[in-house]
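Here is a short briefing to read with the model open in your viewer. Take the topics in any order you like.

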Amino acid sequence: MAGSENQRSLLFTPYQMGRYRLSHRVVLAPMTRCRALNGIPQPANIEYYVQRSTEGGFLITEGTLISPKAGGFPHCPGIYNQDQVDAWKKVVDAVHAKGSIIFCQLWHVGRASHQVYQSGDDPAPISSTDKPISGRWRILMPNGKYAAYPSPRRLPASEIPGIVEQYRRAAINAIEAGFDGVEIHGAHGYLIDQFLKDGINDRSDWYGGPLQNRLRFLDDVVRCVSSAVGPGRLGVRVSPAIDHLEAHDSDPLSLGLAVVDRLNALQLAAGEKLAYLHVTQPRYTAYGQAEAARHGSPDEESLLMRSWRDAYDGTFIASGGFTLELGEEAVAGAAADLVSYGRLFISNPDLPLRFKREAGLNRYVRATFYTQDPVVGYTDYPFMEERQTRSRL
């Protein structure tokens, strides 16, 4: 066992995340689940989030689309029209009734899309570049099959304010739906990350080239959303050192530190800290930890994360491949204030209690991650039975 009894208990100590008082540090990570039919949350979405709610717990929703052209998966929820706002309000009210805090993750996939997910006269996905994602990666289509990613349209600088406005409007809608705050998805090879990473961004205008230029789109979005809902209701997620969807950067350490410096400056100017910074570990891969060796040694990963964590002035959430033991070590060693869990939370709706009681875990079934069944692989994972557990508190 990696941690001592004292280290283990730290995951279950209270934490003050800005204006929000949390009873423990096990966070539901955002995870695409494809159950919001036609972009509108359903009763199954309510049950799913309520199952994972605890008194004083913190939940972050799946990526939620900021516009009709922002998606790249079937049946992802949106937050850009009134029907979606009204449907999300039912989810939020039910989660609040369980005593949990919930943020809505605002998402635009950029070039990680396909013409079938686009609306309007121009079917090409937008990006910082016109380079497509290579054939090494495939996109899930509405019919359940996979296809190649198409070439995106390079977003002109003149259109960027309109995209920033979509983030602002979505954030306002989320607050109207009752969410406690919003998280800007700037990670994992999606639109904002496509501007941040020099392996994708090949622009020559003031949104490309030097690192400070590549930060500008993220900065525009964060400042605009912060002014709309307040810094204390805003979290930001980034992944400087992972290459999901070919989001490579030649200097991830400097990229992460530059993001942190920009967020610290924004907080200082606003006179209030952001709710948190959410960073994905370099060991994260789309398919678990089997490919993690290519991201460097554990010591190298730890150095990157520790550098960003020490530089950031505020709540730091770590994510990506965490187990109970790794989460304990992160909190005990001050490498993170909170730890978010994805796949383990899919298959264990009562994950905090299982961790707390040192109970066994259900295994997740990857084949049902992105289906549209409202029950199978979504709300049918069993809860722990008390007689099978051994309390250690």
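The notes below go through the barrel, one of its strands, a helix and a cavity.

Please keep in mind that this is a predicted model. Its sheet is a closed barrel of 8 strands with parallel pairing, in the order β3-β4-β5-β10-β11-β12-β13-β14. From one strand to the next, the twist averages 25°.

**Barrel pairings**

- Strands of a sheet pair through backbone hydrogen bonds, and the pairing can be parallel or antiparallel.
- Between β3 and β14 (residues 338–341) there are 3 bridges, in the parallel sense. Val27 has Ser340 in β14 as its bridge partner.
- Helix α3 packs on the sheet, where it touches β4 and β5. The direction of α3 makes about 170° with that of β4.
- β5 is joined to β10 by 4 bridges, again in the parallel sense. Here Leu106 stands opposite Ile184 of β10.
- β10 also pairs with β11 (residues 234–238), in the parallel sense and over 5 bridges.

**Strand β10 and Gly186**

- How many of the 6 residues of β10 are buried? The count is 6 of 6, so β10 is largely enclosed by the rest of the structure.
- If you color β10 by side, Gly181, Glu183 and His185 point one way, while Val182, Ile184 and Gly186 point the other way. Both sets are buried.
- Gly186 belongs to this strand, which spans residues 181–186. In β11, the residue opposite Gly186 is Val238.
- Is Gly186 buried or exposed? Gly186 counts as buried because its relative accessibility is 1%, against a cut-off of under 20%.
- Setting aside neighbours within four places in sequence, Gly186 has contacts with Ile192, Asp193, Leu196, Arg237, Val238 and Ser239.
- For a sense of scale, Gly186 and Glu358 are 34 Å apart in space, C-alpha to C-alpha, and 172 residues apart in sequence.

**Helix α2 and Gln51**

- Helix α2 covers residues 43–51. Its buried residues include Ala44, Asn45, Tyr48, Tyr49, Val50 and Gln51.
- Which elements cover the buried residues of α2? Among them are the strands β3 (26–28), β4 (58–65) and β5 (101–107), along with α3 (82–97) and α11 (343–347).
- Gln51 lies in α2. With a relative accessible area of 11%, Gln51 is buried, since the cut-off is under 20%.
- Apart from neighbours within four places in sequence, Gln51 is in contact with Pro349, Tyr378, Thr379 and Phe383.

**The cavity**

- Rolling a probe the size of a water molecule over the atoms shows where empty space is left.
- How many cavities of 30 Å³ or more does the structure hold? There is 1, and the largest cavity has about 30 Å³ of space.
- Its lining is made up of Leu215, Leu218, Asp219, Val222, Val259, Arg262 and Leu263. The elements giving two or more residues to this lining are α7 (216–229) and α8 (252–270).
- By class, the lining of the largest cavity has 5 nonpolar residues, 2 charged residues and no polar ones.

Notes
Residues numbered from 1 in each chain as written. Predicted model: local features only at pLDDT ≥ 70, side-chain atom pairs only at ≥ 80, totals over all residues. Heavy atoms only, no water. Buried < 20%, exposed > 50% of the residue type's maximum accessible area, 1.4 Å probe, protein only. Contact = heavy atoms within 4.5 Å. 1 Å grid on protein atoms, 1.4 Å probe; cavity = no way out; pocket = protein on both sides within 12 Å on 5 of 7 lines; lining within 4 Å. Points joined across faces, edges and corners; volume = space filled by probe spheres on them. Nonpolar A, V, L, I, M, F, W, Y, C, P; charged D, E, K, R; others polar. Pairing = 2+ DSSP bridges. Axes fitted to C-alpha atoms, helices over the stretch in contact; angles between N-to-C directions.
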